Structures are given as C-alpha cells and as structure tokens.
Amino acid sequence: MVFLFAHPPQLASIKDLLARCDLPHEDLDPNSIVHFLTCRTEGTLAGATGMDVLNAAAVLRPPAVAPELRGRGIGSLLLVRIERFAALAGARQFFARGGVNEDYLLARGYLRISWDEIPEAVRSHAVFSDAAGQETGGLVKNLVATKMPAARKAASGH
Ligand SMILES: CC(C)(COP(=O)(O)OP(=O)(O)OC[C@H]1O[C@@H](n2cnc3c(N)ncnc32)[C@H](O)[C@@H]1OP(=O)(O)O)[C@@H](O)C(=O)NCCC(=O)NCCS
C-alpha cells in the first residue's frame, strides 16, 4: 500500500473514483488535484482524500475508497495522514460537509456544527457551496500540529 500526493495526470482517475463514491468532484482541476492524497494498492487507485488549507481553517475532501477495497483500513489511513499534512501546512481546524456518511467522521473525532458556526471562507468553498449545506451543517475537528519524527530528526541535523 503506497500513499502519495496526486499529480495532475491523475485528475480523471480521481474524479472517476469520487463519482463512483458519490462525492463532489466537479470543481476539481489540475491545480487543486495536487492536494489529494492517494492510496495505491495492487497497481490500482484504491482511495483518495483531499485538503484545501485556507488559513487556520482547512476543508477536508472526505476519503473515497473503491468499493471492492473497503473494510481494510484504507479510509482511516488516508484520513489520519491528510489530517497530519493539513496540520503541518498550518491548519488548526478541519471542516467537512455533513451528510449521509457523516457517521464515519463522527466516529473519528469530528463534531457536528451548525451552518452558522462554519467560517465564511469555508462556507464559500465548492464543497459547501450548494444549498444543502445549510440544512446539513458541517463537521469540525481540531488539529494538533505534532511534527513527524523524521521531520524532527531532519530539523535537529542528526
Ligand atoms: C467511508 C469510506 C471512506 C470508508 O472506507 P474504508 O476503507 O472501508 O474504511 P475503513 O476500513 O478505514 O473503516 C471501516 C469501518 O468504517 C465503518 N464505516 C464504513 N462506512 C461508514 C459510514 N458511512 N458510517 C459509519 N461507519 C462507516 C465500517 O463499518 C468499518 O467499521 P469497523 O472498523 O468497526 O468494522 C468508504 O466506505 C467510502 O468510500 N464510502 C463512500 C464515500 C464516502 O461517503 N466518503 C465519505 C465518508 S466521510
């Protein structure tokens, strides 16, 4: 299992995966796709999740895992990794859309919040920009900016 950030040529395959998982993907383009973390296994794209770090707030593009590869921990592994990368990029809160599959995120430390509690910049993001967002509200998780051991080692020069 290999986790790598996406490259622009993967735009079509990631959009296809998100479409198969019924997740928003219409706004994605070669610039935004590079903020997606992918998981490849057995030579195929198994899953992907994305982040858009706006400032201290970041928008999570929730994990999508190929139906035939679910239940192996790929979604959870993608999520913990994208949370770590968002924190390292300066985000302190990760916002996600509420909706049909929100239980998956609620079980992983996210809390439900109302539409009014979502920062304006996040609300105007493509993920939140349709009218349904006002009814479903959103989810938020506070991120902790712990450095990865390798990054700490490199920083200390040893
Ligand atoms: C949700 C999703 C990413 C999970 O991927 P996955 O690789 O199978 O997830 P994991 O293997 O890490 O976790 C599986 C666990 O999550 C649970 N789970 C799966 N979908 C769930 C959901 N919608 N709500 C609550 N729990 C869910 C499973 O029952 C399983 O529980 P267990 O560990 O107690 O057996 C995948 O089902 C998917 O792509 N769904 C469609 C896209 C989607 O809705 N994504 C947004 C989720 S916020």
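Trainee: Where does glycine 50 lie?

Mentor: In strand 3. Helices (H or I, at least four residues) and strands (E, at least two) are DSSP runs, numbered from the N terminus. Residues carry numbers from 1 along each chain, in the order its sequence is written. The model is predicted: local features need pLDDT of at least 70, side-chain atom pairs count only at pLDDT 80 or more, and totals for chains, interfaces and linings use all residues.

Trainee: How should I read the confidence of the protein chain?

Mentor: pLDDT is the predictor's confidence in each residue, from 0 to 100. The protein chain has a mean pLDDT of 91, and 91% of its residues reach 70 or more. Strand 1 (residues 2–5) has the highest confidence, at 98, and helix 6 (residues 149–156) the lowest, at a mean of 64. Where pLDDT is low, the predicted coordinates should not be read in detail.

Trainee: Back to glycine 50. Is it buried or exposed?

Mentor: Count C-beta atoms, placed from the backbone: a residue is buried if 20 or more others lie within 10 Å of its own, exposed if 12 or fewer, and partly exposed in between. Glycine 50 has 28 such neighbours inside 10 Å, so it counts as buried.

Trainee: Which residues is glycine 50 in contact with?

Mentor: Two residues are in contact if their C-beta atoms, placed from the backbone, lie within 7 Å. Leaving aside neighbours within four places in sequence, glycine 50 is in contact with His35, Phe36 and Arg61. Another distance to check is the one to glutamate 83, 33 residues apart from glycine 50 along the chain: their C-alpha atoms are separated by 9.6 Å.

Trainee: How many residues does the largest nonpolar core have?

Mentor: A nonpolar core is a set of buried Ala, Val, Leu, Ile, Met, Phe, Trp, Tyr and Cys residues joined through C-beta atoms within 7 Å. The largest one here has 38 residues. Ala58, Leu60, Ala86, Phe94 and Phe95 have the most contacts inside it. Several elements supply at least two residues each, among them helix 1 (11–20), strand 3 (44–53), strand 4 and strand 5 (93–97).

Trainee: What does alanine 58 touch?

Mentor: Set aside residues up to four places away in sequence. Alanine 58 then touches Met51, Asp52, Val53, Ala86, Ala91, Phe94 and Phe95.

Trainee: Which residues of helix 1 are buried?

Mentor: Ile14, Leu17 and Leu18. Seen down the axis of helix 1, the buried residues fall within an arc of 95 degrees (taken over the directions from the helix axis to the C-beta atoms), so they line one face. The general idea: an α-helix has 3.6 residues a turn, so residues three or four places apart point the same way. The buried residues of helix 1 pack against strand 2, strand 3 and strand 4. The face turned away from them carries the exposed residues Ala12, Asp16 and Arg20. Arginine 20 counts as exposed because it has 12 C-beta neighbours inside 10 Å.

Trainee: What follows helix 1?

Mentor: Aspartate 22, with a positive phi, near 65 degrees. Aspartate 22 is not a glycine. It is found in the loop between helix 1 and strand 2. With 11 C-beta neighbours inside 10 Å, aspartate 22 counts as exposed. Glutamate 42 also has a positive phi, near 50 degrees, and is a residue other than glycine. Glutamate 42 lies in the loop between strand 2 and strand 3. Glutamate 42 is exposed, with 7 other C-beta atoms within 10 Å.

Trainee: How many residues surround the ligand?

Mentor: A residue is near a molecule or strand if its C-beta atom, placed from the backbone, lies within 6 Å of it. Here 18 residues surround the ligand, and Arg70, Gly75, Ser76, Asn101 and Asp103 are the closest. Strand 4 gives the largest share of the shell, 4 residues. Strand 4 (57–65), helix 2 (74–88) and helix 3 (102–106) each supply at least two.

Trainee: How many residues of the shell are nonpolar, polar and charged?

Mentor: Sort them this way: Ala, Val, Leu, Ile, Met, Phe, Trp, Tyr, Cys and Pro count as nonpolar, Asp, Glu, Lys and Arg as charged, and the others, Gly among them, as polar. The shell has 10 nonpolar, 5 polar and 3 charged residues.

Trainee: Is proline 62 buried or exposed?

Mentor: Proline 62, found in strand 4, is buried, with 25 other C-beta atoms within 10 Å. Beyond four places in sequence, proline 62 is in contact with Leu23, Thr49, Ala96 and Leu105.
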